[in-house]
Amino acid sequence: MKRASLIILMVLLLPVAGLLAQSRAEKQNDFTIELGGKCILYSLSYQRMVGEMFGLEIGASFLGGSVDGDGGGIIFLSGGGRFYFMKKNASPTLSGGLVYITDATDAGPLSGSGVYFYANPGFEFRQSSGFVVRGGVYFLIKNGFFVWPGIQLGIAF
């Protein structure tokens, strides 16, 4: 009876052991695509860990379009940092930085060109295989603030 209980307990707890691995230390780079988030619609981002608890991130997004017959688009360039509260693969995070918009727009809450700031309390889950999922709420700050959700999917290497 005790042996069967022990085997059942091990089978139930074995998947949880993957949450305790420290793949951020092993795989310090990741590449993600974000839906929503700091660049409004989508962005492609690269993050490099600068220690076990802090990473630096850069990203870009392009929204094409035409305004009154003029061909053009808007490029978003972002940069910032992300702090991890735990050394485990599943950790709450806090990130922040700035986004540069290359062209003026009257659409959306961040009209005009220039720079705006973002803050993002969120959560990350990183599998030891390298799959990364992040989610959170962005506070976009430019002449007031706008709240916008974001989710990132990617691969660590």
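Me: Why is Arg82 called buried?
Reply: This is a predicted model. Arg82 has 1% relative accessibility. Buried means under 20%, so Arg82 counts as buried.

Me: What makes Arg82 and Glu57 a salt bridge?
Reply: Their side chains meet at 3.4 Å, N to O. The cut-off is within 4 Å, so the pair qualifies. Arg82 sits in strand S4 and Glu57 in strand S3, 25 residues apart.

Me: Is Glu57 buried or exposed?
Reply: Glu57 is buried, because its relative accessibility is 4% and the limit is under 20%.

Me: How do you know that Glu124 and Arg126 form a salt bridge?
Reply: Their closest N and O atoms are 2.9 Å apart. That meets the limit of within 4 Å. Glu124 has a relative accessible area of 0%, and Arg126 also has 0%. Both are therefore buried, under the 20% limit.

Me: Which residues are linked with them in a network of salt bridges?
Reply: Asp30 and Arg134 join Glu124 and Arg126 in that network. Arg134 and Asp30 meet at 2.7 Å, N to O. Arg134 lies in strand S7 and Asp30 in strand S1, 104 residues apart. Arg134 and Asp30 are both buried.

Me: Why is Val115 called partly exposed?
Reply: Val115 has a relative accessible area of 38%. Val115 is in strand S6. Val115 is one of the residues making a nonpolar surface patch of about 1,000 Å².

How values were computed:
Residues numbered from 1 in each chain as written. Predicted model: local features only at pLDDT ≥ 70, side-chain atom pairs only at ≥ 80, totals over all residues. Heavy atoms only, no water. Patch = residues over 30% accessible without salt bridge, like charges linked within 9 Å, V, L, I, M, F, W, Y side chains within 5 Å. Areas by Shrake-Rupley, 256 points an atom, 1.4 Å probe, with all protein chains shown as cover. Helix = DSSP H or I, 4+ residues; strand = E, 2+ residues; numbered from the N terminus. Buried < 20%, exposed > 50% of the residue type's maximum accessible area, 1.4 Å probe, protein only.
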